[in-house]
Structure formats: structure tokens, C-alpha cells
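Open the model in your viewer and keep the selection panel at hand. The tour below goes from one selection to the next.

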Amino acid sequence: MIGKIFRNNLTSAILVIILILLAIVFYAAQIGHMEGPVLLQHLVNGISLGSLFALIAIGYTMVYTILSMINFAHSDIFMISLYFAFFSITVFNMPWVLALICVAAATPLVGLLIERLAYRPLRGAPKNSVLISAIGASFLLENAATYLFGGRPKAFPDIPALTRVISVGSVNFQVVSIVIPIITAAILVILINFIHHAKTGVAMRAVAKDYEIARVMGVNVNGIISLTFIIGSVLAAVGGFMWGAKYPGVTPMMGVMPGLKCFVAAVVGGIGDINGAVIGGFILGLGEVLIVALFPGISGYRDAFAFVVLIVILLVRPSGILGSPVAEKV
Amino acid sequence: MKNINGKTVLTLGVIAFTLILAFILNGALDSYVRRILNLCAIYAIISLSLNLVNGFTGMFSLGQAGFMAIGAYAVAIFTVPAELRASGFYLEPMMPLLANIELPLIAALLLGGLLAALVAFVIGFPVLRLRGDYLAIATLGFSEIIRILFTNMQSVTNGALGIKNVPQLSNMFLIYLAAVITIALLHLLLTSSYGRALKAIREDEIVAEAMGINLLKHKLAAFVISAFFAGVGGGLYGALLGTVDPKNFIFTLTYNFVLIIVLGGLGSISGTVIASFIITIGMEWLRFFDEPLKLFGIEILIFRPGLRMVVFSVLLMVIVLFFQKGIMGQREISFDMLRRIPLRFGKRREDR
Amino acid sequence: MKKSISIMLTALLFVSVLPGCQSSGTNPDVIKIGVFEPLTGDNAGGGELEVEGVKLANELFPEVLGKKVELVIVDNKSDKAEAATAAARLVEQDKVNAIIGSWGSSLSMAAGNIVKDAKVPAVGASCTNPQVTLNNDYYFRVCFIDPFQGTVMANYAISKLGAKTAAIIQEVSNDYSVGLASFFKDSFILNTGAEDSIVDTENYQTGDKDFSAILTNIKAKNPDVIFAPGNFTESALIIKQARQLGIETPFLGGDTWETPDFLSVGGADVNGAAFSTFFDKSMTTTDAAKTFLSEYEKKNPGKEPAAVTALGYDAYILILDAITRANSAEGPAIRDALAQTLNFQGVTGSTTLDANGDAVKDAVIKTVEDGVFTYLDYVAAQ
């Protein structure tokens, strides 16, 4: 998976998504119990959820590529960013755009802090130690948030510009449901260009490939790793903000499930590949919605869907949909 | 004391002493202290099972909560007296096939362990080909799938309502007997050639394979044995609580055992046992952090609910970062080691 | 070096554990009431509100039988194993005379055998699952139970809203939600006489945030009402997302909705949602209610007391009443007095405990109007 990182597979990514969509629509039409507008509504719901997953999954995939570790604390950085957003709007009365910028600026500090305190001291330590440290950092953030903010949900302030409902025929969706895919697409394009063309981006790829050699070549490895955490945290913050606008209840444990699912999305798409993360996000988002839509009898199993997909992918194609199989480094 | 017979006698003596002590304490202690000490022993069993995979074989599994759930449900489903079942399963009656089967606790525990082992075998076969963190996330996924299955299988598990009236097990002697048996079996396993093969895999998979160790077979064996003990531990856990419901077995439960084996030392039986006691008792002891504290009549504001868990997680991070080897590292407490302690301290004094 | 430090740390921990285990002794001049509630974890919201009521009652009535009443509040972390340990601690270490708790029926059930074996009576404030007190002589509660609540809401839907069809959304991992949904379903089918009057049942897991899929399914079925008992955060999100999807159907729920967080998370969208609960401030029929309301207002100006806060208060004063009637603080004596509770005048109205130890009391139906819980209807106990 360290092989062809950040390959530009945009076309194939889009193709895969379209194929999946077509297959589902075809299936639904076949069984014929669903009317067109209802199916359309489900698809809109799924795309909106999927693009949110995609946004957060990119952060996971970037850290994984650089450090080869699951950043369990990513989901809690996401959670902390929601608290930042909550406080900047309710306590400091910021307009939401300013709040978004402040949160996107403040959240990376948490990411950097975690990297510095919990991951950097263990560089070169066995992989299991780093994994445990990541779990510990996540645990600490959750407990600290519970202690500081209490377990009761904080109501994310309503942002009419984002939450206003648009009706097209009998299909309803919020403005935020269009904003999220646009942001995700924009970030995708920016990141891919950055990684392929900017000097720092190239250095990032070098570190991902082999950081010892990158260091020898004069790359500031620690700086690159910090930068990765900054980018990942900004994505978590933006994703968190949109998440808050869409699902306005902020609790200390709220990051856990979305975090796991987004990591699964990153693995499914092919970890180390930004396009893969986006595809994985869409597969999970759409899949979760469509499983409830097409098989109402098993709606209680919805949360298991992500894990079933994960295991199937790991068995059939361990490197994920877009990842390229690589031999283990000795 | 140097010959093996002497050591064996000594070991048996320690075991007998532990069990007799458990037997005596069972009558002497109040139910609160007894409950905590029982929990220590049960956590030790489950942590040992996790350490077999994570510490001794060098894999990273996060699936213990799922295996525990299987064991706990085996105990809950089969040991509740048949006449009490209908009152619990009031939404949907229990599957007729299961409704009248009643098993003694020991049989249910073993059944739970075997079922967990069977599930581990089925999922381990494909999953164990994965490396490191992929395995972690896949096993975590499995444990969540098991929980969600149990939540939805209303006629077998009673879904979210859980199963109440599980005959309670609070006898320290029985629980400590189970712990001693677990320790003994794992010790025998790990000192056998099989155990050395597992450790070889931990040190270097490729070298181990080159030496003719069948990787998948050995990993699978470790995984299945681990699941068996986790199932038994889960069964004891269910019997200790007296009620079982799927929410108990959310994947974060596994983190407790990860913490224990990290503190005790990845790859140390005695360390795991010590850490189980420290963590379980420590969690209770740290409770005062949650209570308002008044010093000289002034209420210290930082003492409020939640502080305990913050302190606890900070301690965890300190251990992970600064004492990576934990209490015991990969070593064990042995009689030889105990004999050497005075020597070591003497030596240190000389060093100065 | 590091190693010896770690050993020292460990030893230190061990040594300091020992005094911790024996610190609290018994003081004959103090009557202790243990409170075990979720103060952290998923159910922290409910637990905090209940403790608020207990504390208020303790401040107002700090003495019984001439002895000081001391509260011992422990957190059960919304976790069953912790709940059992916490209850055991209250019983064995703190030697409490009675116990209040816990929000969340499964947490209360985990403590069931412990209080029974120790012969320390426990009074639940808002745990509504029938199984809590079943076969347990030492567990009581000051709230009504789910079968009654489900019936109340089904009747309300049929007679007041004229509903002929209903859809159910249940939190499949929450015993409270599943139980209540089932009682509602039975009662609704019985009263409409039509097996197919429940047009759809959808499930979700605790902690889920996106309900668009299940709501789209329900929208296609077009029911007259939607019954969605469950955690307040998830329920508020469900209603919000339903309105965004253009579902105008009225939402009905259970007592857990009556928390400030339901309103703050749901915003304007939860206006019109109706649910059954225990208490309304307009029901100042008892003196206790008047005292409670004025004292609560004094301590929390401008804040509305939640029903569970009132129940926490009631649980405390009921225990004090039982101790007075028994003229003893011994567990079995308090238990006997509790079992004979008849027309006890609490904040939440007149309470009588039946043979199981469950309160037989009236239910209140409330709705949300302009972001405020408003009294809607009143259903007398059966």
C-alpha cells in the first residue's frame, strides 16, 4: 500500500460510483416496491452521508500513509472540533463563517499536540506500542471531554444558511447536503494537486515511501509529519462543522462510531489513496442508507454493515479497491 | 530447591495456598470486597487470553469483547432456571428449542468457551492472514458484528432487554479455581514447543517460517485458544453480574484488557495477573476523585464526576510512553527470580 | 531505573488502596442514603437531573428521627458492571440505610440482587421497566411502568389525534425503547382492532445520527402518528430530520424526552411532539409540589424542573417518610414501611405502591409549544 500512493484515479473513482449507483437503481426497480421519488430521496440521503464520511476518511488515510498507523484519536479530534465550533458560536457569538475558520485554525493545535506527545516519542517503537498509544490518546480525549463539558449533549447552533431545506418535487434536502459534496470535491482536487505538484507534497510522498531515505535526502521528516497532522485535523474540523450543522448534538463519545466507519471507508477504498477514501466513504454512506431502504426488515443491523464490508474487502482485496498490493517490507 | 521436583512441589504449594486463601476469604470478606476481588480474577483470565494473542504471538487483536459476549450469553441462556425465563422474554418468547435446556454452570461455561473458540476458528481462518493493524480493525469489527447480532436476535438473546435472573456466582473459590486453571494451562502451553513457536512468530515471522513453523496454523491455534478463555471469562463475568445485555459488550470493553496487558507487560503471565489486580482495584480506589473534596473547608472544584477517568487515562498514557515494557516486560515471576531479589539489591548498593 | 520506578509506583498504588478500603466506618448518629446514578457515560444527562432533585430534597429535609441524613453519591458510569460494584460499595462500605437509583432500568437491574441480599431497600426514581421490581422485595420505584405508559400514548393517539395507523421507530439497543414500543403496539392494535394498523417498525442503534433512511421509508407509508420512544438526543434528531424530509406527522414518545437537551437539540422542529410523563408544574395539587417548585426556582432562577428531578426529590422524601413511619433506619423495617405506602403525597402527585413495589399514579401528557414543555392532558391511574 506504500506503493503508488496518491495515484490520480479520479476517473476510475467516478466510474465505480456511477456503476454502483446504477446497479442499485436497477435492483430497486426490479423488485418494484419502491416509487421513483422515494428511491431518489434515499439516494440523496446516501450521497449526503457518504460525502461526509469521505471528508473525514481522507484525514485517516493521510496519517496512515505517512506513519503506517491507525490514528484512533482522529475521531476525537473531530469531536473536539465540534466543541470548538459550539463554543465559538454560542459563547463568542461569532458568525458561522468566522467560526468555521477559527475552528479550522484551532483544531490542528490539538492534532499537533497529540502527535508530539503521544506518537513522536514512539517513533521506531514496535507497531503495537504505537497502536496502543493511539487508543490511549483517544481514550484520554474522550474522558477529558466528558469531564470538562459533561455527558449531556450540547446543541449545535442552527445555521440557517446551511440547514435550510430545499424541495425539488417531493425530494427534500438541506443546503448542507450540497455543500458537503462540493467541499469534499474541492478538497480532493486541492490535495491531489498539492501532493503531486507542490514541493512539500512530493516530500510528503517521499516520507510515506521511506522516511529514513527521505531524511537522508534532506527532507524534514518531523515537519512533514506535523504537516500531515495539520491537514488531517483541518479536514476533521471542516467535516465536524458540517456534521454539527447536519446532526446538531455534540457529546464526548460522538466521534467514536463515525471515526470507526470513516477508517473502514479509508481501508475499503484502499488506504493511502485519497480517491480511495472518497470512494470508500460513498460506498459506506450509500450502502448504509440503501440497506435500510431496500431491506427494511434488517434495519437493526445497519451499523454492522460497515464492518461486514470491511471484512469482505480485507478478504477479497486486502489492499482496498484502489490500493495496489505490495509485499511486506522486511 | 534447584531440582525440578522441589519447584513443582513449591508451585503446587502456592496454588493450594491461593485456593485455600480464596476459600477462607470467601467467608470472611464482605460482598463489596469479594466482588472486586472476583472481578480481578475474571479480568485476569480475559487479559491472559488477550495476552496470548497480542503479547506472546505478536498479533494485535481487539475482539475480546465479542468472545466474552458469546461466553456470557451461553451462561445466561442455559443457566437461568427454565421457569423464570418466560417472565424475562416478555416481548417475544424464547426459541422453543432453547427454552427448556438447562445446564449446570460449569457445562455452560465450557460450552461458552467452545462456542467462542468455534467462532474464532471460523473467522480466524481468513482474518489471520492480515497483518498488524488490519487484524486489529477486523477483529474489532467482528466483535461489533457479534454485539449487533445479539441485539437483534430477540428470541435467543432477548435483544436489548437482556437476560436477567442468571444464577449469581459470587464464590471466590470457584472463580479463583478457574483463574488458577487458566494460568496453569497457559503456562504449560507457553513452555511447550508450541509456545516457543508462538514466541518465534512474535520475534520474526519470516525467520519463524523459515524454521518450518506453519504460521497460519500456529496463529490460528493461539487465536482459538485465546477465544476459548475469553469465552469462559465472559461467562464468569455474566454470572458475576447476574444480568447480561448486549450493551455490556461494546468494543470499548476490550480496551480495559489492552490496558491491563500493557501495564503488566506484553508477553508476561505474572505481569498480566498483577496488572489485573492493580487496574481493577485502582479503578475503585480512584473513585475519590469523583467525589467533592473539601480541604480546610474549601471545596476543591476540580473534584467532580469524570476526573477519575481522566486520571486513569493519563496514567495509561504515562505507562505507554515511559514504561513501554510494563511491570514485567516479557519476564515471569519465578522462584529463582524471587531468590535473586536480595542479591540484586545487594549488587546495586555495591554499584554506588 | 525506569523499571524500579514502575515497581515503586505500583507498590505505592497498592499501599494506598488499603486505607481506601477501610476508610468509611459506621456512625450511629447519621442515616446514610446512597445514590447511584450515571454521572458520566451515555446516560449522564438523566443521572445529573435526578441527582439534582435528590440533593435539593436533602437540603430541605436534612434530618429524620433526629439524625442527620447524609447522601453518598456514586457514579455508575452508565455501565452495568460499574453499577453493580457501586451498589455493592454503598451497601458494604458506606453501610447506607437505603438507596436511590438509577436512571436507566438496566443499571437498576444490575443492582437488584445486591440490595436484595443485603436487605437494603432501593427506590428507583425513573426506571420504568417492569423487570426492575419483579421478584425483588427490596426494589421500589416512584414512577409508573412502561406497560401503563405505552397504553396511555396509544389511547392518546387514537382518541385525541384520531389516528388509525401508526409507525414505530425503536432504539433497538435500548431496553426502555424496545419495551415501550412493544406495549404501545399491543395497545394500539387492540384499540384500533386492526392487525395492520402499525404500518411500519424501524430500528436504530444508540448513538446513531443519521435517520434519513428509516424516515424516508416511513414517509412512503404515510402513517397518522409516529411513536419514537428513546434517548432524548437521538429522538430530537429523528424529529428534526423528519421535518426536513417534509414529514408533518405528529411524533409521540415517552418520559425520557422531558429534558432541556431535547429542546435545545431539537430546536423549533420538536414543537408539537407529545409524550407521557410524571409531573407538570401546573399540577401543584400537593404541598410537596409547591415547596419543590418554589425552592427549585430559588436555586435555579428561570429554569424549569425536569420530571426526573421531581422524581429524584420524591424518592428521597418517600424514603424519609418510610423511615419515620417505621421509626427505624434498619433495612427490613424501611422495606416494610415502603411496601405499605398508600397515597403518599409527593411532588409528582399521590403515590401508592402496589404488590410489586411499582407506583400506581397518574400520567401527564405534555407537548412542546414554542420551545417550552406544556401541559396537554392528564390520564388517571388504572
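How many residues of chain A are in contact with chain C? Select both chains: 28 residues of chain A are in contact with 28 residues of chain C, where contact means that the C-beta atoms of two residues, placed from the backbone, lie within 7 Å. This is a predicted model, in which local features need pLDDT of at least 70 and side-chain atom pairs count only at pLDDT 80 or more, while totals for chains, interfaces and linings use all residues. Residues are numbered from 1 along each chain as its sequence is written, and chains are lettered from A and ligands numbered from 1 in the order in which they are written.

**The side of chain A that touches chain C**

Now select α2 (36–67), β2 (165–168), β3 (171–174) and α12 (274–294) of chain A; each supplies at least two residues of the side that touches chain C. Helices (H or I, at least four residues) and strands (E, at least two) are DSSP runs, numbered from the N terminus. The largest share, five residues, comes from α2(A). Colour this side of chain A by class and you will find 12 nonpolar, 13 polar and three charged residues. Here Ala, Val, Leu, Ile, Met, Phe, Trp, Tyr, Cys and Pro count as nonpolar, Asp, Glu, Lys and Arg as charged, and the others, Gly among them, as polar.

**Two domains in chain C**

Next, select residues 30–144 and 285–361 of chain C as domain 1, and 147–277 as domain 2; such bounds come from an automatic or database domain assignment. The C-alpha centres of the two domains lie 29 Å apart. Their contact takes 12 residues from domain 1 of chain C and 12 residues from domain 2 of chain C. On the domain 1 side, α2 (44–60) and α4 (105–118) of chain C are the elements that give two or more residues.

**A hairpin in chain C**

Move to residues 363–369 and 372–379 of chain C, which are strands β15 and β16. The two strands run antiparallel and are joined by seven bridges; strands pair if DSSP finds at least two bridges between them. Which residue of β16(C) stands opposite Glu369(C)? Val372(C) does. Two residues lie between the strands of this hairpin, and Asp370(C) in the turn has a positive phi of about 50°.

**Chain B**

Last, select chain B, which has 16 helices and two strands. Its C-alpha atoms fill a box of roughly 75 × 70 × 40 Å, taken along the principal axes.
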